[in-house]
Amino acid sequence: MRSEEFICPSCGRSDIIKTNRKIVRCKYCDTLLTVEYDPEDTKISKLKAPAQGLKVQKKQKLVSWILIGIICALLIYYYCFNSKTQAMNFSDSQNPTRTEASTNIYEIGYVSKLSEIPEDTFNSFEDTALKEVSSIYLSTMDTIAMVGEPECIGVYLLCNKNDDTNLLYFAYHVTWGRTLKNGDVETVEAYPAFYFSNIMLMSDGSVQSDFKTWNENPSIVLGNSFVFGYNSKIDFYNKCISSRPDYKVKKK
């Protein structure tokens, strides 16, 4: 029995080409078909045509492998993400304030009035600046000490006209003295200033800011040492306040 007598189930033609012992191909539509042989004469006795042929089977296997790959990728991603989330939750559970800040707290805006700063926060700013006053000197051989108490000579809020950023200055009058060998005390007056920048209100009522320490101040010679601050209140005001035309000035 010749193979040409078999009809292709896909196109109805009868001319087939033998690919190997178990597979033949239709010469007209290229459909691959599996075959069965007569056990006595080992000739083709029957054609079996899968619904889509062998090509479809290969495509189905490829799709199956792709799906398996996607599932594996999703499982890996889930495992990594879940592990990271558990680690974050463990860390945050030890710091409830941080957790709350990361989820609920957001910026309201820059402070534009001194009255917008909560009293306890303002007092904290003032305490921070006052502590810096007593440490702004550089002594090499002299014994330097503050004479009397530092005096706050002004609090100034500067608000930028262009981008709403701000500066909060605390200015002081300080008298420094060094003890001479004969017991006399040599004194010098200084006007140090400190400022907080980028003061922002947060939704939980807190305030965030940056603090600038004494290295912003010029130096004044006292014996063999230096103290830091401006020479006078007018000098401070001219250098720090009036020299900033882009800022609106509000004094407490």
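The model is predicted: local features need pLDDT of at least 70, side-chain atom pairs count only at pLDDT 80 or more, and totals for chains, interfaces and linings use all residues. Residues are numbered from 1 along each chain as its sequence is written, and side-chain values use heavy atoms, with hydrogens and water left out.

**Strand β9 and its partners**

Strand β9 covers residues 166-179. Helices (H or I, at least four residues) and strands (E, at least two) are DSSP runs, numbered from the N terminus. Of the 14 residues of β9, 13 are buried, so the strand is largely enclosed by the rest of the structure. Buried means under 20% relative accessible area, exposed means over 50%, and partly exposed lies in between (1.4 Å probe, protein chains only).

Two strands pair if DSSP finds at least two bridges between them. Strands of a sheet pair through backbone hydrogen bonds, either parallel or antiparallel.

| Partner of β9 | Bridges | Sense |
|---|---|---|
| β7 (residues 144-146) | three bridges | antiparallel |
| β8 (residues 151-160) | eight bridges | antiparallel |
| β10 (residues 185-190) | six bridges | antiparallel |
| β11 | five bridges | antiparallel |

Ile 144 has Arg 178 in β9 as its bridge partner. Cys 159 stands opposite Asn 166 in β9. Gly 177 has Thr 187 in β10 as its bridge partner. Ala 171 stands opposite Ala 193 in β11.

Two hairpins involve β9. β8 and β9 form a hairpin with five residues between them, and Asp 164 in the turn has a positive phi of about 70°. The hairpin of β9 and β10 also has five residues between the strands. There, Gly 183 takes a positive phi near 95°.

**Aromatic rings**

The structure holds eleven aromatic pairs. Rings of Phe, Tyr and Trp (its six-membered ring) pair if their centres lie within 6.5 Å; planes under 30 degrees apart count as stacked, over 60 as edge-to-face and the rest as tilted. Phe 170 and Phe 196 form an edge-to-face pair, with 6.0 Å centre to centre and 80° between the planes. This pair links distant parts of the chain. Phe 170 sits in β9, Phe 196 sits in β11 (residues 193-202), and the two are 26 residues apart. Both Phe 170 and Phe 196 are buried.

Which residues do ring pairs link into a cluster? They are Phe 122, Phe 125, Phe 170, Tyr 172, Phe 194, Phe 196 and Phe 211.

Is Ser 197 buried or exposed? Ser 197 is buried, with a relative accessible area of 8%. Ser 197 is found in strand β11. Contact means heavy atoms within 4.5 Å. Leaving aside neighbours within four places in sequence, Ser 197 is in contact with Asn 166, Leu 167, Ser 209, Asp 210 and Lys 212.

Ser 135 lies in the loop between α3 (119-133) and β6. At 36% relative accessibility, Ser 135 counts as partly exposed. Ser 135 and Ala 145 are ten residues apart in sequence and 9.7 Å apart in space, C-alpha to C-alpha.

**A three-stranded sheet**

Strand β6 belongs to an open sheet of three strands, in the order β6-β14-β13, with antiparallel pairing. The edge strands are β6 (137-138) and β13 (219-222), and each pairs on one side only. Two bridges join β6 to β14 (residues 225-228). The bridge partner of Leu 138 in β14 is Phe 226.
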